[in-house]
Amino acid sequence: MTRWVAGLDGCRGAWAGALLDLDDPARWRCARFPRVIDLLDGPEAPVCVGIDVPIGLPDRVSGGRSADRAARAFLGAGRSSVFPVPPRAAVYAESYDEAKALSRAHSEPPFAPSIQCWNILRSVREADELLRARSDLVTRLHEVHPEVAFFRLNGERRLGAGKKGPARAEGLAARRALLIAAGLPAAMVGSPPPPGVAADDHLDAMAALVVARDIAEDRAEPLPNAIERDNYGLPIVIWAPAPLPAPLPEPLPAPQPVPLAMRSRAP
């Protein structure tokens, strides 16, 4: 029986997906999936999937979800890439104004989601509804964050160039190099994005795949270490790739022979 793992990253109106056979890494596939369930119930039926979307929605948020606080602390100066997730009622609001009001009413200190956050809440609802309807998927679908993954793969250092903007080409090249160093096939990493998938979403799906692989192999790190659950039993945790191995110490230089003329002589 093959063991596939996968990564999902939101793209315009769908999901960028990357799949890898754990037992035969030469077998991989990248595609655009209309829905999360299309990958989970697809032909590969991956045993573990990393998805860049919040899972686990508290009814009341105090200082942000524990997973978001832990991920921001982990990223340090890059913490702004982890946006605060509003409470469950706000996620299911029917309008942005209603979401802001509900978020303020169920958070301490009160805060309102940004318009960028509001625009992705459709994806948050999709994952939440799926996991509440299909409890069998809770052990297969796991929250990840691409910037957390790349930060860890880069030796817990910020990348010098972003994946958008004027340094985009440099930033994408750096991310490809990290994915190959993490063990993904070079042919996969260098493959063109599927139709309808942007280049950065394509690579972010592969970063999510790396985390899924490490979760499947029991090597990934949970942020935070103590995992909370929401009122539906869904875990509130962002998974990071396995810590990189410590570099080997530099070997000591071999002792040099002392010239005869410099040796001390007994009287």
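A cavity is a set of points, on a 1 Å grid over the protein atoms alone, where a 1.4 Å probe fits but cannot get out, whereas a pocket is an open set with protein on both sides within 12 Å along at least five of seven lines; lining residues have an atom within 4 Å of a point. Grid points are joined across faces, edges and corners, and a volume is the space filled by probe spheres set on the points.

The legends below describe a predicted model, in which local features need pLDDT of at least 70 and side-chain atom pairs count only at pLDDT 80 or more, while totals for chains, interfaces and linings use all residues. Residues are numbered from 1 along each chain as its sequence is written, and side-chain values use heavy atoms, with hydrogens and water left out.

View 1. A search of the whole structure finds one cavity of 30 Å³ or more, and about 30 Å³ of space lies in the largest cavity. The lining of the largest cavity is made by Ile55, Val138, Leu141, His142, Glu143, Pro235, Val237 and Trp239. Two or more of these lining residues come from each of strand 7 (141-143) and strand 9 (235-240); helices (H or I, at least four residues) and strands (E, at least two) are DSSP runs, numbered from the N terminus.

**View 2. The largest pocket.** The space in the largest pocket amounts to about 930 Å³. Its lining comprises 37 residues, and Asp9, Gly10, Asp52, Phe83 and Ile120 are those that lie nearest the centre of the pocket. At least two lining residues each are supplied by strand 1 (4-11), strand 2 (14-21), helix 5 (115-133), helix 6 (146-153) and helix 9 (199-216). Helix 5 gives the most to this lining, with six residues.

View 3. Helix 2 (residues 66-75) is largely enclosed by the rest of the structure, because eight of its 10 residues are buried; buried means under 20% relative accessible area, exposed over 50%, and partly exposed in between (1.4 Å probe, protein chains only). The buried residues of helix 2 are Ser66, Ala67, Asp68, Ala70, Ala71, Arg72, Phe74 and Leu75. These buried residues pack against helix 6, strand 8 (221-229) and strand 9, where a contact means heavy atoms within 4.5 Å. Glycine 76, which follows helix 2, has a positive phi, near 60 degrees.

**View 4. Proline 241 and its contacts.** Proline 241 is placed in the segment after strand 9, and this residue counts as buried at 0% relative accessibility. When residues up to four places away in sequence are not counted, proline 241 touches Val148, Ala149, Arg152, Leu153, Val210, Val211, Asp214, Ala220 and Glu221. From C-alpha to C-alpha, proline 241 and histidine 106 are 32 Å apart in space, and the two residues are 135 residues apart in sequence.

**View 5. Two cis peptide bonds.** The peptide bond from glutamate 108 to proline 109 is cis, with omega near -5 degrees, and proline 109 has its place in the loop between strand 6 (107-108) and helix 5. The peptide bond from leucine 223 to proline 224 is also cis, with omega near 0 degrees, and proline 224 lies in strand 8. As background to this view and the next, most residues other than glycine have a negative phi, and most peptide bonds are trans.

View 6. Alanine 45, a residue other than glycine, has a positive phi near 45 degrees and lies in the loop between helix 1 (36-40) and strand 4 (48-51). With a relative accessible area of 40%, alanine 45 is partly exposed. Glutamate 156, likewise a residue other than glycine, has a positive phi near 60 degrees, and its place is in the loop between helix 6 and helix 7 (168-181). Glutamate 156 is partly exposed, with a relative accessible area of 41%.

**View 7. The chain as context for the close-ups.** The chain contains nine helices and nine strands, and its C-alpha atoms fill a box of roughly 95 × 45 × 40 Å, taken along the principal axes. Of the 267 residues in the chain, 51% are buried. Among the contacts with a separation of 6 or more, 63% are accounted for by residues 24 or more positions apart.
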